[in-house]
Amino acid sequence: MRKRTQIPLLLLTLLTPAGFAQTASTYTPPTVAEIRAAATPTSDQTWWKHAVIYEIYPRSFQDSNGDGVGDLNGITQRLEYLHALGVDAIWIAPMYPSPQIDFGYDISNYTAIDSQYGTLADFDRLLAAAKAHNIRIVLDMVLNHTSDKHPWFVESAASRTNPRADWFVWSDGKPAPANAVNAHQGPHGLVVPPNNWIALFGGSAWEWVPTRGQFYYHNFYKQQPDLNWRNPAVEQAMFSSMRFWLDRGVAGFRLDAITDLLEDAALRDEPVYAPGTNAQGDPNVSDTYTNMLPEVHEVMRRLSTMVSKYPGDRVLIGETYLPDTAAIRPWYGTPAQPELQLPMDMMVGFHSEGGASGSNVALNLTHFRQTLTEMQTELDSHWPLLVFDNHDNTRSWDRFGDGGAHNPQIARIIATILYTSRSTALTYYGAEIGMSTHTPTRREDVRDPIGLTGWPREKGRDGERTPMQWTPAPPAAGFSTNAHTWLPIGNDFPTVNVATETAGPNSLLNWTRTLIDLRRGNPAVHDGGIVMLDTTNASVLSYARTVPAGSKFHPIVVALNFTAETQTVHLDLTPAGITSTTAKALLADAADLTSITTLSTFTLPPYASLVAEVQ
Ligand code: GLC
C-alpha cells in the first residue's frame, strides 16, 4: 500500500484525499455487459458529452491593459484562436473579487468581477462574444470556503450572536493540557483546537478569533474559512450566487474542492496514517472526517435540481480527486437523483500509482490501459471526463515526458488519448503547444503561498501557471506589452508559442488541431464505441472506435508506442467486430506510418502515435 508521502507529485499529495493512497483498490474486471455498453456507439448529442473544454487561468492567458496580469478583455481578444482550435467551452478559474491569497480561490464577493480582471460589463461582452463563436462559458464555483475578507465572514467573526454567527465552522476548542503551546484564553479558561485536523496548505486547520473566543475551521489557507453547509441559509446564499451567473447565461460550473464540502459534526480526531511529516512539515493525518462525507451528496442533489431548471443542458463539473475509478460513480448520482454530469476522472491523468517499482505513473502502459478501461466500464455507463492538466499540478509535458529526448512524441500520445477517447476532453491553456512547467528556482521568486511555506520540499504551483506563450516576440511572448508579468514567461517561448507552431506543420499545436477536427468531424471518434485491442501487449496501447453495424462510416484504430524502442504490432480487430485490417493513416507522427496499408502487421517507431481508418 502506497503512502501519500511517497507520491512524487507533491502538490497532488496535498490536493488528494488521504484515502487516495490508502484505500485498497476496488477494481473488478469489467463484465461482458459493461464492455458491450462501452462498445456501443452513442446517439446522444448533448453538447458537453462531445465537448472540448479548455481551462483558462485568467491571470495568465492574455493581458489586455499592460499591467502584466491577464484579464477578461484579454480572453475576449483570443476567442478567435479558441474557436479555430475547436474549443466548445472555456472554464475560467475564479475571476471574482478576491484578496488573491490563493489567486482567486479566496472569494470576497461571488457576484462581481475583480477589478484587475475587468468589470461585469466586460464579462457580459465576453459571454456574448463567446456565444458568437459557439463557445460556452463555465465558471469556477468555490462552495467550500470564502475569503476571510468576505463580508459574511467578517460579520460571522464579529460576535457569537450576529445573524451570520453560524455561517462558518466555529468551535470552542477543548481545555488546554498543562504546558500546552499555542493555548488561547477562552471564556472558560485556556483552550486548544478541538482536534488534530490539518489544513491541506499547512498547519492546524483551526484559527483562533479573539472577538468570539473561538476557533474557525479552514481546509486550505487560514484566509479561506470553510462555510458551514449544515446551515440552510448558507446553501440558499450560495445557490443564489450561482443563479446570478446562470441567469446571465453561463453554461455551468466547475465545482472547486467539492468533496470537502462538509465535515464531521462531532469533530472527531483523524487517524494518523504514517509516521513522520508531509511536505508542509505536518503530521500525516487522514481525511476521513473532512472529505467525502455522505451529506455532500445531499447538497449535490439539491444543486442539480436547481441547475436543471435552466434550459440548455447546463453542466456541473466536479473537482473530484478520488481513490479509484469506482469511487467516481456516486458523484453522478442516480437517474432519480442526479448529481454532477461530469465528475473529473483523475485516475488516468493524475493517479500516481501504477509502477511496480512504486514510481510515478509516468507513461505506465498497464496503468493507462486499466484506468482507460475502467473509465468506460466502472461508471455505470455515465459519461467520463478525461483530464491531464490543470493549474494545480506539474504540466503533463514534464509529468509524462522522459526528460527531453522524446517529450514531443509523448505529448502527442497524451493528446491523442485525450481527444480520441470516448469521453469529454478537458484541457488546460498551453497544453496544446507543449508548455512545460517553469518551477521557480529561488524562494524569493515564489508567488504561490504553499511554495513559500513548503520551500524547498514543496515549491508551489507557479510552474504550471506561467503566462500563455503566443509569439516568439520579447518581452512577453504576446501575453503582455509589459516586460514585468506576474509570473515570468517560460524561457522556451522563442520556439514554444502559438505563432511559431501554427507555421510548423509538425508542431504539437497542429497535431492537436487535427485531433480536435477528427473528434468533431469523424463519426467514429465523435460517437463511436470504444474497444481495447491487443490487451496483453506490454509496449503498445491500442483501441478501436467503432461505428454501428452497416454504417457507411469507417471505424478508427489508435495505436500508441509507450516505449523508446521500435515495436512491431499485429492487431486483431475482431474483438471490436471489425473483420477488415486494411487501413489508411489519418494521423501519424512518423513518416513511415503515413503510408500504412494494413493493421495486421505494422511497425511503430519509439513513442509513435498512429490514428488509422479501417477501410
Ligand atoms: C482547488 C483549486 C486550487 C485551490 C483549492 C482551494 O483544489 O483547484 O487551486 O487552491 O481548491 O480553493
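Start by selecting Arg442, which is partly exposed at 44% relative accessibility. You are looking at a predicted model.

**First stop: a pair with an exposed partner**

Glu444 and Arg442 form a salt bridge, and their closest N and O atoms are 3.9 Å apart. The cut-off for a salt bridge is within 4 Å, so this pair counts. Is Glu444 buried or exposed? Glu444 is exposed, with 60% relative accessibility.

**Second stop: a buried pair**

Now select Arg254 and Asp256. Their side chains meet in a salt bridge, 2.8 Å from N to O. Check how much of each residue can be reached. Arg254 has 2% relative accessibility, so Arg254 counts as buried. Asp256 is buried too, with a relative accessible area of 7%.

Move to Asp44 and Lys49. Here the side chains form a salt bridge of 2.7 Å, N to O. Lys49 is at 16% relative accessibility, and buried means under 20%, so Lys49 counts as buried.

Select Asp102, Asp392, Asp448, Arg461 and Arg465 together. Salt bridges link these residues in a network. How many salt bridges does the structure hold? The count is 22.

Zoom out and colour the chain by domain. Domain 1 covers 6-22, 47-144 and 232-503. Domain 2 is 151-217, and domain 3 is 531-614. Next, look at domain 1 and domain 2. Their C-alpha centres lie 31 Å apart. Their contact takes 25 residues from domain 1 and 17 residues from domain 2.

**Last stop: between domain 1 and domain 2**

Stay at this interface. About 1,700 Å² is buried between domain 1 and domain 2, and carbon and sulfur atoms give 67% of that area. How many salt bridges cross the interface of domain 1 and domain 2? The rule finds zero. Polar contacts are present, with a count of five residue pairs between domain 1 and domain 2.

Now select α1 (10-15), α8 (232-248), β12 (283-285) and α13 (449-454). Each supplies at least two residues to the side of domain 1 that touches domain 2. Keep α8 highlighted. With five residues, α8 gives the most to that side of domain 1. Finish by colouring the side of domain 1 that touches domain 2 by residue class. You will find 12 nonpolar, five polar and eight charged residues there.

Conventions. Residues are numbered from 1 along each chain as its sequence is written. This is a predicted model: local features need pLDDT of at least 70, side-chain atom pairs count only at pLDDT 80 or more; totals for chains, interfaces and linings use all residues. Side-chain values use heavy atoms; hydrogens and water are left out. Buried means under 20% relative accessible area, exposed over 50%, partly exposed in between (1.4 Å probe, protein chains only). Domain bounds come from an automatic or database domain assignment. Contact means heavy atoms within 4.5 Å. Buried area is the accessible area (1.4 Å probe) that two parts lose on being put together, summed over both. A polar contact is a pair of N or O atoms within 3.5 Å; within protein, one must be able to donate a hydrogen and the other to accept it, and residues adjacent in sequence count only if both atoms are side-chain atoms. Helices (H or I, at least four residues) and strands (E, at least two) are DSSP runs, numbered from the N terminus. Ala, Val, Leu, Ile, Met, Phe, Trp, Tyr, Cys and Pro count as nonpolar, Asp, Glu, Lys and Arg as charged, and the others, Gly among them, as polar.
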